[in-house]
Amino acid sequence: MEDNKLSDDCQSEVSNEEIDEEVTEMIDNIMSSFKSFKAKRKELGEKIRKSLDGENDDKPGTDDVEEFTRCYDETYDVTTELINEMSESAFEAFKYAAFEDPDSKTADFLRALNLYGELLPPYIPKDHAQVIEGVGGIPYSKDLILKEEDLVVAFINNMWCLGMVRQCKINAQNPELSTYFVVDVEDRERPGNWHLREKITPLPKYKADPTCHNHALFERNTIVIAMYPQTTCFFKAIVLEKPTRTKDKYILTFENDASKNEWSEQMIIPQAFVLAYDDKVFTANSKTLAAKRSHLKKK
């Protein structure tokens, strides 16, 4: 029995070492590609400067442009590969903590959920393409067809909560009439329910880069629906400050009591958990109910 356990442990260590080596190799590739890209950019810049100053007639040629493009493409590819790898790993860790880990603790679940939000990949189009749905605050159309394991905001147990799509019944002719079986990520024991597409809201797939896609971020004083810290519940909130760098988060204030116009202290929330507020879909959640759910059922 001990031999088997020792064998399993050794196997696990080898697996971790292989993962570390793969990540290290990816980082080395990024550094190498970036150095080549910077060197070629400097070389082209010098040729252009000297040509404009009349120092020589050695203008950048087709070969220079092709080499510069190759260096750029290589840097882009290896960088996005690493970013996506980290994001996918964070999602798998969250999914394991939510549904598979037999000994998952509250702290483990929240840590995995927060890590997923932190590592949501930024939207980096290669050719300056327009921002797409699901980037930052740009909502998805109601006829978007969802996939299994998509994270959504759904009305679960009389609360707007974070859920995961487990099954899909697609209406190809009218996608907005498709139905999705959604389960509560907070309570794996609770049975899921079928929801009409228009009644659930998918989470963003990408962060918006404030430098390139500032218009994809919610402006100050915008009403949004966002996930309250230490819970999986979504509440009405107001944007106090939007991110100024990709790694930054929103600063929000949550509605405490609509009847008394009371609002919470300032709270920092990742882009992944801040969505457009649709008053035709969302109804106000009671802060008292949120407090009841703040004590998660993970033991």
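The report below covers a helix contact, then a cavity and a pocket.

The model is predicted: local features need pLDDT of at least 70, side-chain atom pairs count only at pLDDT 80 or more, and totals for chains, interfaces and linings use all residues. Residues are numbered from 1 along each chain as its sequence is written, and side-chain values use heavy atoms, with hydrogens and water left out.

Helix H2 spans residues 62-100 and helix H3 residues 106-118; their axes come within 8 Å and cross at roughly 155 degrees. That makes H2 roughly antiparallel to H3 (angles over 145 degrees count as such). The crossing is left-handed. In H2, the residues that meet H3 are Ala90, Phe91, Ala93, Phe94, Ala97 and Ala98. Their partners in H3 are Asp108, Phe109, Ala112, Leu113, Leu115 and Tyr116 (contact means heavy atoms within 4.5 Å). By class, this contact of H2 with H3 has 11 nonpolar, no polar and 1 charged residues.

The structure holds 3 cavities of 30 Å³ or more. On a 1 Å grid, a cavity is a set of points where a 1.4 Å probe fits but cannot get out, whereas a pocket is an open set with protein on both sides within 12 Å along at least five of seven lines; lining residues have an atom within 4 Å of a point.

| Space | Volume | Lining by class |
|---|---|---|
| Second largest cavity | about 40 Å³ | 1 nonpolar, 3 polar, 5 charged residues |
| Largest pocket | about 530 Å³ | 14 nonpolar, 2 polar, 7 charged residues |

Among the residues lining the second largest cavity are Glu118, Lys207, Asp248 and Pro270. The largest pocket is lined by 23 residues, and Tyr116, Lys147, Asp150, Pro204 and Lys205 lie nearest its centre. H2 supplies the largest share of that pocket's lining, 4 residues.

Notes: Axes are lines fitted to C-alpha atoms, for helices over the stretch in contact, and angles run from 0 to 180 degrees between N-to-C directions. Helices (H or I, at least four residues) and strands (E, at least two) are DSSP runs, numbered from the N terminus. Angles under 35 degrees count as roughly parallel, over 145 as roughly antiparallel, 65 to 115 as roughly perpendicular and the rest as oblique. A crossing is left-handed if the near helix is turned anticlockwise from the far one by less than a right angle, and right-handed if clockwise. Ala, Val, Leu, Ile, Met, Phe, Trp, Tyr, Cys and Pro count as nonpolar, Asp, Glu, Lys and Arg as charged, and the others, Gly among them, as polar. Grid points are joined across faces, edges and corners, and a volume is the space filled by probe spheres set on the points.
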